[in-house]
Every structure is written in C-alpha cells, then in structure tokens.
Amino acid sequence: MDQIANELKKIVKAGIGAVAAGMEKTQEAINGFAQKGEPIYQQAKTAVTDAADKVKQTVSDGIQGISRKPGVEELISRIKTLSQDEWEQLRGAADDFFAQARHTEDTPDGAADVENTKAPEAGEDPASAVDPMDIAEDMRTTDTADNRPEE
C-alpha cells in the first residue's frame, strides 16, 4: 500500500510540476513576445503621434488660409485662371460695385442716396476724386489675352 501511495504522490507531484513548468514556459513566451513587440509598438506609437501632428498642422494651416486676406498678386493669379463665364461674372460684379460707389453717398439715416451725388471740390483729398469707373475700365483693357478666353 505504501508503494501505491508513493506512486500516486509521484503522479500528483508530476502533474503539479508540469503545470508549474507550463506556467514558466508561458511566462517566458509572453516576455519574449513582449520584447519582440516593443520596437513595433514604439514605431506604431511614433507613427500615430506624427499623423496626429500632421492633421493638427493641416487644420491649423486651413484655418489660417481661410482667415487671411489674399494679396494682390494672389488675386491676379486667381483671375488669370478664370473661365470666360467666371470672368463675365466677375466683370459684372465689379461693374455693379463701381457703379454703386460712383453714385452712392451716405444719407443722414445711413441709407444710400443715389440722387444726391457730388463731384469732388477743389482742395479735397485727391484720392477721393479717383473715378472708380476708370479703374474698372483699366481692368477691362489690361492685356490678359493669354490668360483668359476670347470675348
């Protein structure tokens, strides 16, 4: 009977040893996988951080681009790329703007009074004597034949 008890103890101890060895091997495998995964994890972390920074910069640039006023050179560059229809729309809007500027004077209530326009008087600021229609005419006659469709 002692021999059977000793054999059963051996079997139980072997089972416990097998579980312990399995746990050790499992722990070693997990540590090995973690070590092999660390560089990949760091690369992924860096890539995500870089991508987030690029998105933030793009959004920031976009907001600045929306809020900034374009310069004259940029406007001229954009005008040169207009189609004939777009050019005609721009021309019509400019004509309307300059016609209103030419014939409009503020009335006491703040509304436009087309009837009561006055010519610049002697001694008045020369800048106020500039005729907006002359500017519009200059825009029409500027040589842009290479940059827009024929009229």
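Asp85, Gln89, Asp96 and Phe97 are exposed on the other side of helix 3 from the buried residues Trp87, Arg91, Ala94 and Phe98. Exposed means over 50% relative accessible area, buried under 20% and partly exposed in between, with a 1.4 Å probe and protein chains only. An α-helix has 3.6 residues a turn, so residues three or four places apart point the same way.

The model is predicted; local features need pLDDT of at least 70, side-chain atom pairs count only at pLDDT 80 or more, and totals for chains, interfaces and linings use all residues. Residues are numbered from 1 along each chain as its sequence is written, and side-chain values use heavy atoms, without hydrogens and water.

Helix 3 spans residues 84-103, 20 residues in total. Its first and last C-alpha atoms are 28 Å apart, close to the 28 Å expected at 1.5 Å a residue. The expected span is 1.5 Å times one less than the number of residues.

The structure holds 1 aromatic pair. Phe97 and Phe98 form this edge-to-face pair, at 5.2 Å centre to centre and 70° between the planes. Ring centres of Phe, Tyr and Trp (six-membered ring) must lie within 6.5 Å; planes under 30 degrees apart are stacked, over 60 edge-to-face, the rest tilted. Phe97 has 51% relative accessibility and counts as exposed. Phe98, at 12%, is buried.

Methods
Helices (H or I, at least four residues) and strands (E, at least two) are DSSP runs, numbered from the N terminus.
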